[in-house]
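Please have the sequence and the coordinates open as we go.

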Amino acid sequence: MAVKFSPRQRSYIRKATTDHGGDPSETVGELNIIPFLDIVVNLIMFLLATSEYVLLISQIPSDLPKIARGRSKSNEQVSTPLNLNVTVTDAGVLVSGSGGKLAPGCTSIDTAGSRAVTVPRKGKDYDWKALTECVVKIKSQFKDEDTVTVSADPAIQYEFVVAAMDSVRDKGQDELFPNVMVSVGIR
């Protein structure tokens, strides 16, 4: 005996017996690791490239002492480098070198170790002309030197550091210390 189903029942049976393949999250399959490997390879390439660049930047040039036979140079032949330092502070400008700090007025080396500045401040302004004159005196004694290190207190404005750099670099047509290095401040 054949059972007669209504169209609604036939539709329900058709839907219930059809295999839909299941939910994709329920199927067990392989994990696609290709995108993960792409990211890992790119990361490794980036780290290798940047580590080599960092090594190039962080190298410190150093020379080993030379081994030689015979007599060493006499005291006349050995010259001490100037190591000129210009430091901008609230009180004025300190000028120092290998021999020590210069006394106020840039006349002699301050052997007393006082805290006086070489070129004192004039009110709110710095005396940049006096600093240039002081550097001219130093350049007349050390003609071969061309390097100066400029530093400043952390509270000093950047425009004063730039003005100090300009004052020690050149005087009109004369080139004083063209190689200016900037150093961290003091406190």
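Phe5 sits in the segment before α1, the helix that covers 7–17, and in this predicted model Phe5 counts as partly exposed because its relative accessibility is 42%, which falls between the 20% limit for buried and the 50% limit for exposed. Together with Val3, Tyr12 and Ile13, Phe5 makes a nonpolar surface patch of about 440 Å².

Turning to charge, a negative surface patch is formed by Asp144, Asp146, Asp170, Asp174 and Glu175. One of these, Asp170, belongs to strand β6, residues 170–171, and with a relative accessible area of 38% Asp170 is likewise described as partly exposed.

Which residues of the largest nonpolar core touch the most other members? The core has 27 residues, and the ones in question are Val88, Val93, Val95, Trp128, Leu131, Ile138 and Phe177. Two or more residues of this core are given by each of β1 (84–88), β2 (92–97), α3 (128–141), β5 (147–152) and α4 (158–169), and among these contributions the largest share, six residues, comes from α4.

Finally, consider Cys106, which is placed in the loop between β3 (100–101) and β4 (119–120). Is Cys106 buried or exposed? Cys106 is buried, because its relative accessible area is 8%, and the cut-off for that label is under 20%. Cys106 and Lys137 are separated by 31 residues in sequence, while their C-alpha atoms are 8.1 Å apart in space.

Technical notes:
Residues numbered from 1 in each chain as written. Predicted model: local features only at pLDDT ≥ 70, side-chain atom pairs only at ≥ 80, totals over all residues. Heavy atoms only, no water. Patch = residues over 30% accessible without salt bridge, like charges linked within 9 Å, V, L, I, M, F, W, Y side chains within 5 Å. Areas by Shrake-Rupley, 256 points an atom, 1.4 Å probe, with all protein chains shown as cover. Salt bridge = Lys/Arg side-chain N within 4 Å of Asp/Glu carboxyl O. Lys, Arg positive; Asp, Glu negative; His and termini not counted. Charge placed at Lys NZ, Arg CZ, Asp CG, Glu CD. Helix = DSSP H or I, 4+ residues; strand = E, 2+ residues; numbered from the N terminus. Buried < 20%, exposed > 50% of the residue type's maximum accessible area, 1.4 Å probe, protein only. Core = buried A, V, L, I, M, F, W, Y, C linked by side-chain atoms within 4.5 Å.
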